[in-house]
Amino acid sequence: MVTDPGRGFDPATGDGAEVPAGRREAELRTAYEGLLQIRRLVNGPAGAGVPAPWEVARPARAVALVLEASGITPSAVDAEGRRTRTGYRVAAASGAERVEVTWVGPPGGGAAGEEQERLTACAAVLEEQGWVCLLYRGPRGRRFLEVEPPR
């Protein structure tokens with residue numbers, strides 16, 4: 001989840017361990033500002049609100065970066081893979097350019113009761129950055145966002 005030499009910043013997808021916020025803030029800010037700069041260079045000044053080809057090729061990484069930079073809390077897991085914190089989770093979906101954002105947390109933590117409000121907030125942030133979001137109800141009535149670049 002932290003920077004790997006030669007790989008760059010890894011945004012929180014909701015499937016990693018909790019990382020102290022203070023340690024990531026500077027790296028997160030630099031990574032997000034880099035994403036916006038790529039947009040300006042590739043899409044022009046008016047295209048800053050449209051995902052760049054880099055993002056479209058790595059949608060889970062780009063969507064996680066936007067959510068984390070906006071201050072929305074990612075979920076987290078412990079060494080055994082058990083949820084330890086309630087928050088967003090970004091995962092690949094069907095189709096190369098799509099991702100799913102879910103709101104998950106520890107058993108009995110109340111994530112299911114918060115998901116519509118929290119996923120709506122996630123959608124607002126992502127749509128402001130040019131992503132197309134659709135809120136669905138999946139198996140067992142749980143909601144999720146399907147996120148993709150504009151067509």
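Arg140 counts as exposed, because its relative accessibility comes to 82% (exposed is over 50% relative accessible area, buried under 20%, partly exposed in between, with a 1.4 Å probe and protein chains only). Arg140 sits in the loop between strand 5 and strand 6, and its phi is near 60 degrees, a positive value in a residue other than glycine. Most residues other than glycine have a negative phi. This is a predicted model, with local features needing pLDDT of at least 70 and side-chain atom pairs counting only at pLDDT 80 or more, while totals for chains, interfaces and linings use all residues. Residues are numbered from 1 along each chain as its sequence is written, and side-chain values use heavy atoms, leaving out hydrogens and water.

Now for the sheet. Four strands make up an open sheet, ordered 3-4-6-5 with antiparallel pairing. Strands are DSSP runs of E, at least two residues, and helices are runs of H or I, at least four, numbered from the N terminus; two strands pair if DSSP finds at least two bridges between them. Strand 3 (87–92) and strand 5 (132–137) are the edge strands, each pairing on one side only. From one strand to the next, the twist averages 25 degrees (angles run from 0 to 180 degrees between N-to-C directions, with axes fitted to C-alpha atoms, for helices over the stretch in contact).

Helix 3 (residues 59–69) packs on this sheet, touching strand 3, strand 4 and strand 6 (143–148), where contact means heavy atoms within 4.5 Å. The direction of helix 3 makes about 165 degrees with that of strand 3. Helix 4 (residues 111–128) lies across strand 3, strand 4, strand 5 and strand 6, at about 140 degrees to strand 4.
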